[in-house]
Amino acid sequence: MSLQTCYEALGGSYDAVRQRLPSDRMVQKFVLKFLNEGSYDDLVRAIEAKDAETAFRAAHTIKGVCLNLSFDKLHDSSDALCEALRHGWTDEAPKLLEPVREDYERTIAAIRAFAAETGA
Amino acid sequence: MNRRKKILIADDSEMNREILAEILGEEYEIIEAENGAEAVAVLQSNRAEIDMLLLDYVMPEMDGFQVLELMNRQRWIEDIPVIMISAESSMTYVEQAYELGVVDFIKRPFEALVVQRRVANTMLLYAKQKKLTDMIIEQIYENEKQSSLMINILSHIVEFRNGESGQHVLHIHMLTELMLKHLITITDKYPLNNADIALITTASALHDVGKISIPAEVINKPGRFTPEEFAIMKTHSAIGAEMLRQLPAEYAEEPLVKTAYEICRWHHERYDGRGYPDGLKGDEIPISAQIVALADVYDALTSERVYKKAFSHEVAVDMILDGQCGTFNPLLMQCLRDIAPTLQQKLKNATEESRTESRIEAISMEVMRRSELSVSSHPMRMLERERLKYGFYRTVAGELWFDYSRAPSMLTLSPYGASLLGLDEVIVNPGQNEQLRSHIDEDTLQGLVRALRSCTRDNPAVEYDCLLNLDGGEHEVRVLLRTVWSDDEEPRYVGVIGKVIDRAEEDSGSEMPDWMNTHDLQTGLYNRHAAEVRIHEHIEMNPHGSFGLALVRIENYAVLNESYGGEFGGRLLRYVAERLRLGARGGDILAQAGDDSFLVFFEYRRSALHVAEWILTSLEGFYEDIPLAVKVGMAYTNAGEPANYAVLLATAERTLEGMDTAEQLCCVHVENTEGEDDK
C-alpha cells in the first residue's frame with residue numbers, strides 16, 4: 001500500500017499534502033504520528049461531560065492537524081463540530097460527533113493498514 | 001554572534017509543534033511551549049535569547065491573543081517578532097492579530113516552503129534593524145570623534161600662539177557644559193535640548209579663533225595694553241566671526257558653524273550693554289555667547305597670565321558674583337553659585353579623553369532611547385526587566401528609596417526621592433550625573449563605596465551614616481543598603497536597593513528600628529516579628545479594644561510560582577501587598593506572614609466582618625490575566641473583652657486551615673474557645 005492509496009482510503013488529498021510538505025518521508029512520518037494524536041479521546045470525553053470549552057479546543061486541534069495533513073473528510077466533520085461549539089455548549093454536539101467518529105475510525109484504520117504493510 | 005537563532009513554538013497540539021519543528025529544525029533551534037502560559041513563562045525567563053515566536057491561537061491556559069496582549073503590556077512585542085499560525089481563517093481574527101502586533105499571519109494548511117521563507121525574511125528584517133541601530137551609533141561615535149578632534153587641533157593652534165596653556169579650551173568646554181546643564185534645570189526660559197547643549201559646548205572651543213589675526217607682539221605682550229593695543233585686541237571677536245561667516249556656503253549653514261559664529265562675535269558683549277563689538281544688551285546676546293563669556297572670565301581669573309597671578313577658585317567665584325568682572329545674566333550668576341561647590345574638583349578631573357567618551361556615551365544613549373529605533377540589544381532588555389522588577393519600590397510614597405543596577409549603570413529613585421532631590425526618577429550613568437553629584441561629596445561617595453564593598457551575598461545589607469545635601473541644606477542621614485546578587489555559582493554583584501532616612505526625622509519620631517530587620521524586602525511590609533512587636537504595643541495601649549486579626553493566603557501560590565517563573569511569584573506578592581496597603585486605614589498593621597500569606601491586624605468600630613469583606617473585595621479580579629484566589633481566616637475580639645495577640649493569631653491560623661476549598665472567608669470570635677462561626 002502506498003501513501004497515495006492510504007490517503008484515498010481515509011478520504012484525504014495526497015497531492016495537496018505533497019505540495020505543501022517537502023518530502024514523502026515527512027508526510028509518512030506525520031501520517032503515522034496521527035495514530036498517537038490524543039485530541040480525539042479528549043474530544044469524546046469532553047462531549048460526554050458536556051465540557052464545551054475543552055471539546056471546542058480538541059475539535060479545533062483535530063481540524064488543524066487535518067488541514068496540515070490534508071485529511072479532508074475528517075477535517076470537514078471536525079470543522080462542523082468545532083464551529084458548533086465555538087460559542088458554548090449545544091445539544092447538536094453529540095449528533096455532530098457521530099460523523100467525526102466515523103471519519104476518525106476510517107482514518108485510523110487506513111493508517112494502521114498502511115503501517116502494517118510498510119512495517120513501520 | 002553566530003549562534004543559531006531560537007524560535008519558540010507555542011501550540012497545544014504536539015503534532016502541530018512537531019510539523020513546524022521538522023520544517024524549521026534544520027535552520028533554527030526550537031523551543032516548544034504547550035500553551036500560552038508556558039510560552040509566557042519561557043519569555044519571562046529567557047526573553048533575551050528568543051528570536052521569534054510562532055504562536056497558535058486556540059490554546060488552553062492563555063490563548064494566543066492573551067499572550068499577545070501581555071507581550072504588548074510588557075513591551076516584549078517590540079523586541080520579539082511574532083508570527084501567528086492558525087486554522088482560524090476569519091478576517092476578524094487575522095485583523096485582530098495584526099492589531100496586536102504580529103508580524104505575519106500564516107493560515108493552516110501551510111506550505112513548508114512558505115513557512116521557511118516567511119520566518120527567514122522576518123529574521124532578516126529584525127537583524128537588519130538591529131544592525132542599522134548599531135551602525136547609526138557607530139556613525140555618531142565616529143563623527144563626533146572626528147569633529148571634536150579637528151576642533152581641538154584648531155583651538156590648540158590658536159592657544160599655542162596666544163601663549164596660553166592647553167587647558168583653557170578644555171576648561172571653557174567643561175564650564176560651558178556644566179553651566180548649560182544646570183541652567184535648564186532652573187529655568188525653561190531657554191529652550192535647549194541635549195543636542196543644543198552638545199553643539200554649544202563643542203562650538204565653545206572656537207571662541208578665540210579670531211586671535212589668529214592679532215599680531216604676536218600684541219598678544220604676547222607682558223604687562224598692560226596701551227589703548228591702541230587694546231583696540232587691536234578687541235577686534236578678535238568680530239574677526240573670528242567674520243572668518244566663520246566667510247566659510248563656503250555649505251558650511252556656513254551648519255548649526256555648529258552658526259553657533260560658533262554667535263560665540264565668536266559676542267563672547268565679549270556684556271549683559272548691561274557695555275561690551276563689544278556690537279554693544280548688545282540682556283538677552284539680545286545669544287545664551288551661548290553669554291555662557292562662554294562667563295566661562296572665559298572665570299578661567300582667565302583662575303589662570304596665570306603674563307601680567308597676573310592665578311586667583312583661587314573661591315576668590316574668582318566671589319569676584320564674579322560680586323560684579324567685579326562685569327555684569328552677567330542673573331540666571332547665569334545663580335548657575336555659577338549653584339555649581340561652584342563642585343566645580344573645582346570637576347575641572348581638575350576633566351581630561352580630554354573622558355570628556356569625549358562621556359558625551360559619546362550620552363549621545364548613544366539618546367539614540368537608544370528614540371522610540372523609532374527598536375531597543376533590541378541585550379543590556380537594554382535587562383534594563384527593562386529591572387525596571388519592572390523594582391517598579392514597586394518607586395511607588396512607595398513619602399520615602400526616599402532608590403535602586404541601582406550596575407550594568408547598565410542606572411539609578412531609579414522613588415518619586416518622592418526624585419522630587420526631594422530635584423532629579424529625574426531614572427538616571428542613566430549616575431556616576432557622571434552632575435546634579436546627582438552635587439548632592440553628595442567625594443568623601444561620602446567613597447565611604448558609600450567602601451560600605452558596599454564590605455557586603456557579600458550572604459551578608460548583603462549594610463548601613464552608612466553620612467551628610468547629604470537634601471532639600472537645599474545638609475542633612476545627617478542614614479543610608480540603608482541592600483546589595484543584590486546574581487544567582488550564578490559565583491555570585492556577582494548586580495546592584496543595590498536602599499533607602500535614605502533623615503536622622504533628624506528619625507530622632508523626633510519614637511524610634512526608627514533598622515528597616516531591613518523589620519520589613520520583608522520583597523513586599524516592603526513588616527515581617528512577622530516586627531508585626532508582633534507592634535501589635536503587642538497596640539493592644540497594650542487599649543487592652544479591651546475591639547480587634548481583628550486576618551490571615552490572607554494566596555491560593556496555589558507555589559503552583560503559580562512554579563508555572564510562571566520565579567519573578568512572577570515576587571510580582572504577585574508585591575501586587576497583593578500593594579492592594580492591601582492601598583486599602584488599609586491609618587492604624588492597621590500589615591505584615592508578610594509567610595511565603596504566600598499576609599497578616600492584617602486592625603481595630604474596628606462596627607463589624608470585624610466588614611473589614612474581612614473589604615480585604616476579599618480588594619483582592620478580587622485578575623493579576624496578569626490570572627484569576628486571583630485568596631482565602632481569609634480571621635479572629636476577632638469584641639470591645640470590652642481582653643485581647644491577646646498569640647490567641648488571635650493561633651485562632652486565625654486554625655480558622656484558615658480548617659476552611660474547605662470552596663470557602664473564601666471565615667471569621668471566628670475568640671472569646672468563645674469553641675469558636676462561633678459568624679459566617
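# Briefing: chains A and B of a predicted model

Asn556(B) is partly exposed, with 13 other C-beta atoms within 10 Å. A residue is buried if 20 or more other C-beta atoms lie within 10 Å of its own, exposed if 12 or fewer, and partly exposed in between, with C-beta atoms placed from the backbone. This is a predicted model, in which local features need pLDDT of at least 70, side-chain atom pairs count only at pLDDT 80 or more, and totals for chains, interfaces and linings use all residues. Residues are numbered from 1 along each chain as its sequence is written, while chains are lettered from A and ligands numbered from 1 in the order in which they are written.

**Positive phi angles**

- Asn556(B) has a positive phi of about 55°, although it is not a glycine.
- Asn556(B) sits in the loop between β12 (547-554) and α23 (557-564) of chain B. Helices (H or I, at least four residues) and strands (E, at least two) are DSSP runs, numbered from the N terminus.
- Ser70(A) is not a glycine either, yet its phi is positive, at about 60°.
- The loop between α5 and α6 of chain A holds Ser70(A).
- Ser70(A) is buried, because 20 other C-beta atoms lie within 10 Å.

**Chain B as a whole**

- Chain B has 26 helices and 19 strands.
- Chain B has 679 residues, and 33% of them count as buried.
- Take the contacts in chain B with a separation of 6 or more: 61% of them join residues 24 or more positions apart. Two residues are in contact if their C-beta atoms, placed from the backbone, lie within 7 Å.

**Where the chains meet**

- On the chain B side, 15 residues are in contact with 19 residues of chain A.
- Helix α1 (residues 14-24) of chain B gives the most to this side, with five residues.
- By class, the side of chain B that touches chain A has eight nonpolar, two polar and five charged residues. Ala, Val, Leu, Ile, Met, Phe, Trp, Tyr, Cys and Pro count as nonpolar, Asp, Glu, Lys and Arg as charged, and the others, Gly among them, as polar.

**Strands of chain B**

- Strand β1 (residues 6-10) and strand β2 (residues 29-33) of chain B pair in the parallel sense over five bridges. Strands pair if DSSP finds at least two bridges between them.
- Ala10(B) has Ala33(B) as its bridge partner in β2(B).
- β1(B), α1(B) and β2(B) form a right-handed β-α-β unit. Right-handed means that, with the strands pointing away from the viewer, the path from the first strand over the helix to the second runs clockwise.
- Strand β6 (residues 400-405) of chain B pairs with strand β11 (residues 493-502) of chain B in the antiparallel sense, over six bridges. Ser405(B) has Gly495(B) as its bridge partner in β11(B).
- Strand β10 (residues 473-485) of chain B also runs antiparallel to β11(B), joined by nine bridges. Val479(B) stands opposite Val500(B) in β11(B).

**Cis peptide bonds in chain B**

- The bond from Arg108(B) to Pro109(B) is cis, with omega near -5°. Pro109(B) is in the loop between β5 (104-107) and α5 (112-162) of chain B.
- The bond from Tyr276(B) to Pro277(B) is cis, with omega near 5°. Pro277(B) lies in the loop between α11 (255-266) and α12 (287-302) of chain B.

**Met123(B)**

- Met123(B) lies in helix α5 of chain B.
- Met123(B) counts as partly exposed, because it has 17 C-beta neighbours inside 10 Å.
- Leaving aside neighbours within four places in sequence, Met123(B) is in contact with Lys5(B), Asp51(B) and Met52(B).
- Met123(B) and Pro81(B) are 42 residues apart in sequence, and 8.1 Å apart in space, C-alpha to C-alpha.

**Helix α6 of chain A**

- Helix α6 (residues 72-85) of chain A has 14 residues and reaches 20 Å from its first C-alpha to its last, close to the 20 Å expected at 1.5 Å a residue. The expected span is 1.5 Å times one less than the number of residues.
- Its buried residues include Leu74(A), Ser78(A), Leu81(A) and Leu85(A).
- An α-helix has 3.6 residues a turn, so residues three or four places apart point the same way.
- The cover over the buried residues of α6(A) includes α5 (52-69) and α7 (92-118) of chain A.

**Confidence in chain A**

- Chain A has a mean pLDDT of 89, and 98% of its residues reach 70 or more. pLDDT is the predictor's confidence in each residue, from 0 to 100.
- Among the elements of chain A, helix α3 (residues 24-33) has the lowest mean pLDDT (88) and α6(A) the highest (92).
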